[in-house]
Amino acid sequence: YMGAMFRGERPQKGRLRQFNQIGVEAIGPESASPYLDAETIALSVNILTALGLKNFQLKINTIGTAEDKSNFQDFLKKKLKPQLAELCGDCRDRFERNVLRILDCKNKSCRTVVAKIDLTKEWLSRPSWQYFTTVKEALEALGIKYTEDPNLVRGLDYYTHTVFEISDSSLGSQDALGAGGRYNNLVSELGGPAVDAVGFALGMERILLTLADE
């Protein structure tokens, strides 16, 4: 789909209340496959390439199942608690509400604290590790270049397994052209059945800004 979107909450700096995006969603029982994760990521990359963009970067990561994610949150809280005073006010609040969002913070002091944490995936279950390995192998088979970024998370609770972001440094601090991943918990969190899903969104205004620069 393609069209206008609207933010109900107060937009962060560099974001618009009304904006346009290209979105892709694969929802249903048949979507529960790491190969579909890879196909979806490849589609987002191929759209940008077809539009003429050349200098963007693809970053990927995994947050595993809901249980893995809970273990990761416990791991982060244990590592961050001694440095809590060094974090910005927003991140001290995030420590209790959604500790994963601290990994996203652009504040210099927060980034320094996070950089000291060894984000090895000891908290990830073996099936989740195999799932992510399959995604990476499929991307390589499709010729999609990527960087694995252990700091990359999608802050919303419904994300599971694969997450990814496509960025371009020419955009400055708000450098994301698009992002997405697997969100098997979204439909159930909205009151529906447990349904697997994966997808992404690309910001059209940011694509146009990047095209102008190139």
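This note goes through the strands, helices and side-chain contacts of a predicted model.

1. Basis. The model is predicted, so local features need pLDDT of at least 70 and side-chain atom pairs count only at pLDDT 80 or more, while totals for chains, interfaces and linings use all residues. Residues are numbered from 1 along each chain as its sequence is written, and side-chain values use heavy atoms, with hydrogens and water left out.

2. Helices (H or I, at least four residues) and strands (E, at least two) are DSSP runs, numbered from the N terminus. Buried stands for under 20% relative accessible area, exposed for over 50%, and partly exposed for values in between (1.4 Å probe, protein chains only).

3. Neighbours of β6. Two strands pair if DSSP finds at least two bridges between them. Strand β5 (residues 160–167) pairs with β6 in the antiparallel sense over 6 bridges; F164 has G180 of β6 as its bridge partner. Strand β7 (residues 197–203) also runs antiparallel to β6, joined by 5 bridges, and here A179 is partnered by A201 of β7.

4. R182. This residue, R182, lies in β6 and counts as buried, at 1% relative accessibility. Its side chain makes a polar contact of 2.7 Å with the side chain of Y131. A polar contact is a pair of N or O atoms within 3.5 Å; within protein, one must be able to donate a hydrogen and the other to accept it, and residues adjacent in sequence count only if both atoms are side-chain atoms.

5. Helix α3. Which residues of α3 are buried? In this helix (residues 89–97) they are C91, R94 and F95. Seen down the axis, these buried residues fall within an arc of 115 degrees, so they line one face of α3; the arc is that of the directions from the helix axis to the C-beta atoms. They pack against α2 and α4 (108–115), where contact means heavy atoms within 4.5 Å. On the other side of α3, D90, E96 and R97 are exposed.

6. Aromatic pairs. Rings of Phe, Tyr and Trp (its six-membered ring) pair if their centres lie within 6.5 Å; planes under 30 degrees apart count as stacked, over 60 as edge-to-face and the rest as tilted. The count by this rule is 6 aromatic pairs. Y158 and Y183 are edge-to-face, because their ring centres are 6.3 Å apart and their planes stand at 75 degrees. Y158 is in the loop between β4 (147–148) and β5, and Y183 in the loop between β6 and α6 (186–189), so the pair ties together parts 25 residues apart in sequence. Both Y158 and Y183 are buried. Y159 and Y183 also form an edge-to-face pair, with centres 5.8 Å apart and planes at 80 degrees. Y159, likewise buried, is in the loop between β4 and β5, 24 residues from Y183.

7. Around α2. E67 lies in helix α2 (residues 66–80) and is exposed, with a relative accessible area of 60%. Its C-alpha atom is separated by 9.5 Å from that of W123, 56 residues apart along the chain. W123 forms one aromatic cluster with F72 and F75.

8. Charges over rings. A charge sits over a ring if NZ of Lys or CZ of Arg is within 6 Å of the ring centre and within 35 degrees of the ring normal. R7 lies over the face of F19, 4.3 Å from the ring centre. The charged end of K77 sits over the ring of F95, at 5.9 Å from its centre.
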